[in-house]
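These are my notebook entries on one protein chain. I set down what I looked up, entry by entry.

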Amino acid sequence: MILAIDVGNTNIVLGCIEDGKILNEVRLHTEVLCTDAEYAIKLKQMLEIYGIDPKEFEGAIISSVVPQVTEALIHAIDWISGLTPMVVGPGMKTGLNVRIDDPATLAGDLVVGSVAAIAYYGAPVIILDMGTATTMVAVDKTNSYIGGAIMPGVKLSYSALSSGTSLLPDISISAPKKIIATNTVDSMRSGAVFGTAAMIDGMIDRMEEELGYECKIIANGGIAQAVTPYCKHNILLDSDLLLKGLWVIYKKNKK
């Protein structure tokens, strides 16, 4: 059994994986100011809830977009389990051919999501991740990562809209009954859900036009389940995509 950890800007997802099966999964809030010891306590407490002894893990792997948290987790995992976790980054075996201007700048979560999409669904594929940022990346017919687009996340955008205006409130991201809404809150929700869905549909059309062929579309991230059902394209939701990718990469790099 391994411990797989995906660190996002908002949440940390932990998964206990054995033979490719995710046995347990838990989310923690990403806290940049947490110390090594504090993360060690959080991890140990979470594992104890599921009756798991940290010493039972054969290995661990981390993907992170928050460097400060990465270092704290490396030390925390070593502290509670005696393991030095793999960290997704340049030099790791992924099986992914990265064809962008500077492959070393590619974020770990985009690598992990792409590896998982290829392994579980096949290429060509467009991977949509809707978290703090909304990312859309493309893997072509040759299993090559060829790039993508980054947009502000839905919650981030509407939080900025609320804080930057006097009369617009903070809202939950849920679909109103009508696109043409008749009050302020539903008007904002219409833009957040239907507007974002239209943007995603439009970006998929443009990406497929640029590629010259249709792709599978795989989505993950906290907001995806609220928005993608209203897209016109057939989009498959996989909330465990990154944990699956971490498992695949761990196997490729296991000594």
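**Entry 1: the hairpin of strands 1 and 2**

I began with strand 1 and strand 2, which form a hairpin with three residues between them. I take helices (H or I, at least four residues) and strands (E, at least two) as DSSP runs, numbered from the N terminus. I count two strands as paired if DSSP finds at least two bridges between them. Strand 1 and strand 2 (residues 11–18) meet this with six bridges in the antiparallel sense. Within the pair, I found leucine 14 of strand 2 as the bridge partner of isoleucine 5.

I note that the model is predicted: local features need pLDDT of at least 70, side-chain atom pairs count only at pLDDT 80 or more, and totals for chains, interfaces and linings use all residues. Residues are numbered from 1 along each chain as its sequence is written, and side-chain values use heavy atoms, with hydrogens and water left out.

I then looked up strand 4 (residues 59–64), which pairs with strand 1 in the parallel sense over six bridges. Here alanine 4 stands opposite isoleucine 61 of strand 4. As background, I recall that strands of a sheet pair through backbone hydrogen bonds, either parallel or antiparallel.

I next asked how many residues of strand 1 are buried. Six of the six are, so strand 1 is largely enclosed by the rest of the structure. Buried means under 20% relative accessible area, exposed over 50%, and partly exposed in between (1.4 Å probe, protein chains only).

I also checked the directions of the side chains. In a regular strand the side chains alternate between the two faces of the sheet. In strand 1, Ile2, Ala4 and Asp6 point one way, whereas Leu3, Ile5 and Val7 point the other way, and all are buried.

**Entry 2: isoleucine 5**

I placed isoleucine 5 in strand 1 (residues 2–7). Its relative accessible area is 0%, which means that isoleucine 5 is buried. Which residues does isoleucine 5 contact, leaving aside its neighbours within four places in sequence? I listed Ile12, Val13, Leu14, Ile61, Ile62, Ser63, Leu73, Ile77 and Leu246, where contact means heavy atoms within 4.5 Å. For isoleucine 62, I recorded a C-alpha to C-alpha distance of 4.8 Å from isoleucine 5, at 57 residues apart in sequence.

I turned to an open sheet of six strands, in the order 6-9-8-7-10-11 and with mixed pairing. Strand 6 (97–98) and strand 11 (236–237) stand at its edges, each with a single partner strand, so one side of each has no neighbour in the sheet. Strand 6 pairs with strand 9 (residues 144–152) in the parallel sense over two bridges. I noted serine 144 in strand 9 as the bridge partner of asparagine 97.

Strand 8 (residues 133–139) is mostly covered, with six of its seven residues buried. Strand 7 (residues 125–130) pairs with strand 8 in the antiparallel sense over six bridges, and a hairpin joins the two through two residues. In this pair, aspartate 129 stands opposite threonine 135 of strand 8.

On to strand 9: seven bridges join strand 8 to strand 9, and the two run antiparallel. Threonine 134 stands opposite methionine 151 of strand 9. The hairpin of strand 8 and strand 9 has four residues between the strands, and asparagine 143 takes a positive phi near 65 degrees in it.

**Entry 3: histidine 233**

I found histidine 233 in the loop between helix 6 (224–227) and strand 11. Leaving aside neighbours within four places in sequence, histidine 233 is in contact with Asp201, Ile204, Asp205 and Glu208. Glycine 202 lies 31 residues from histidine 233 in sequence, and the C-alpha to C-alpha distance is 9.7 Å.

**Entry 4: the whole chain**

Lastly, I looked up the chain totals. The secondary structure comes to seven helices and eleven strands. Of the 255 residues, 48% count as buried. Among contacts with a separation of 6 or more, residues 24 or more positions apart account for 58%. Along its principal axes, the C-alpha trace spans about 55 × 45 × 30 Å.
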